[in-house]
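Hi there,

Here is the structure I promised to send over. Have a look first, and then read on for what turned up in it.

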Amino acid sequence: MSKSLLPYEILESARLVGFNTDTMLREDTPKFFLNYNRITAIKKTEGLILVGKETENGMIADFIVTKGKKIEIPVHLCFGVVKEKGIQEIIPRFIIDDGGKVLILAHCSFPRAKDLIHQMEAEVILGKDAVFLYEERHYHGEEGGAKVFPRFQVHVGKGSYFKSVFSLIKGKVGLLSIDLEVYAQSNSKIEILSKVYGRCKEDRVKIKDAVFLEGEHARGLVKLRAAASRGGDVIMKGITEANAPYASGHVDCREIVQGEGSTARAIPIVRVGDETARVTHEASVGRVNQRELDTLMARGLTEEEAVDMIVKGML
Amino acid sequence: MNQEEKKWLLENKYRRLILENIGKTGKTEKEIIEELEIKLMPYLSDYQPTARIKMTPSSLKNHLSLLLREGLVEKKAGKFYQKLEKM
């Protein structure tokens, strides 16, 4: 399969955030690639329906795992824009039907963003006893000019497992506002992990990850990890609300703040609407460990390099 | 409790759906359970998914108790009615 499926900068950024681009591009890898508003690759496999329609500034798409099908090979999605300015809007719908299973590796890349908006309105449903593992890694370039607004609404059926990992730890962030809501039915399990590094005064990060436990014995874990340095601003809100008997959840927020003008805020919110349910939380915000900083600087790193290394270690 | 303090109540989509469902005509718990169903149909594909999500009776009971307590619904003769036009 030709590498022209995606521009060089987008492939490079996929490599930078840790994806294996050789695997991404292999002909037999299930995939869906979007370059601004052009769908450049779709590769389906048995039990996996991928359909997209290009729109003026993005696309609408269905990602469906049919009933009882377990997709054994990870599915690669890539949504990129190499323009400096503009708006990309994508509207995906993920349906993991009863008994279905899939791992999706998604890459969002805006390597030249100077005044670029990316909006996503995603809806997700998992039927009964389904598994949906979703990992999304972003790269917003080095200019700090991306404005990224992803919204997810996820409904998780009985006995299903939903895991989401979001990371943006390379390059600058720009403006990022994530809104994720997950509704969990009986005996389902939810794990959410978000990791973001705001490294300059242009970086403004706002994340809301909310889990609503709506079925008996539903379980949820929200983990938020963030760092703000050199004037960056990060606010992370982790919500877990338990409304059913014996539902249980935990919210864990950890943030590092370093440098003048940097701010980090962690807001864990726990609500319980059933006397047999239980939700716990923990939160901490602090500067990097001075001893670790001294040790790295004694080995020849500048303070900036040492802070970056410690933060990346945490993230 | 002022409007700002009540905002969190409607952060949960299930509570918004309950309020929409009962409307002004009023519904019993059983009717709400039967009528409220979450499903997603594909935008483009012809595939007909079987995935459906129903609210559990215990969760519905907890939501209704909360909405009653906060004055967003009222109960008359076993039926729940929406009390406010909107928040």
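Strand E16 (residues 233–242) of chain A runs parallel to E18(A), and the two are paired over 10 bridges. Strands here are DSSP runs of E with at least two residues, helices are runs of H or I with at least four residues, and both are numbered from the N terminus. Two strands count as paired if DSSP finds at least two bridges between them. Within this pair, A:Lys237 has A:Ile267 of E18(A) as its bridge partner.

A word on the source: this is a predicted model, in which local features need pLDDT of at least 70 and side-chain atom pairs count only at pLDDT 80 or more, while totals for chains, interfaces and linings use all residues. Residues are numbered from 1 along each chain as its sequence is written, and chains are lettered from A and ligands numbered from 1 in the order in which they are written.

Both strands belong to an open sheet of 9 strands with mixed pairing, in the order E3-E4-E6-E8-E10-E12-E14-E16-E18 (chain A). Strand E3 (48–55) and strand E18 (263–272) of chain A are at the edges with a single partner strand each, so one side of each has no neighbour in the sheet.

Next, a helix pair in chain A. Helix H3 (residues 290–298) and helix H4 (residues 303–314) of chain A pack at an angle of about 125°, with axes 9 Å apart. Axes are lines fitted to C-alpha atoms, for helices over the stretch in contact, and angles run from 0 to 180 degrees between N-to-C directions. H3(A) and H4(A) are therefore oblique to each other (under 35 degrees is roughly parallel, over 145 roughly antiparallel, 65 to 115 roughly perpendicular, and the rest oblique). Among the residues making the contact are A:Leu293 and A:Leu296 of H3(A) and A:Val307 and A:Ile310 of H4(A). Contact here means C-beta atoms, placed from the backbone, within 7 Å.

Now for chain B, which has 4 helices and 4 strands, arranged along the sequence as α-α-α-β-β-α-β-β. How many residues does each chain bring to the contact between them? Chain B brings 21 residues and chain A brings 32 residues. Helix H2 (13–22) and helix H4 (57–69) of chain B each supply at least two residues of the side of chain B that touches chain A, and H4(B) gives the most, with 5 residues.

Happy browsing!

Technical notes. Contact = placed C-beta atoms within 7 Å.
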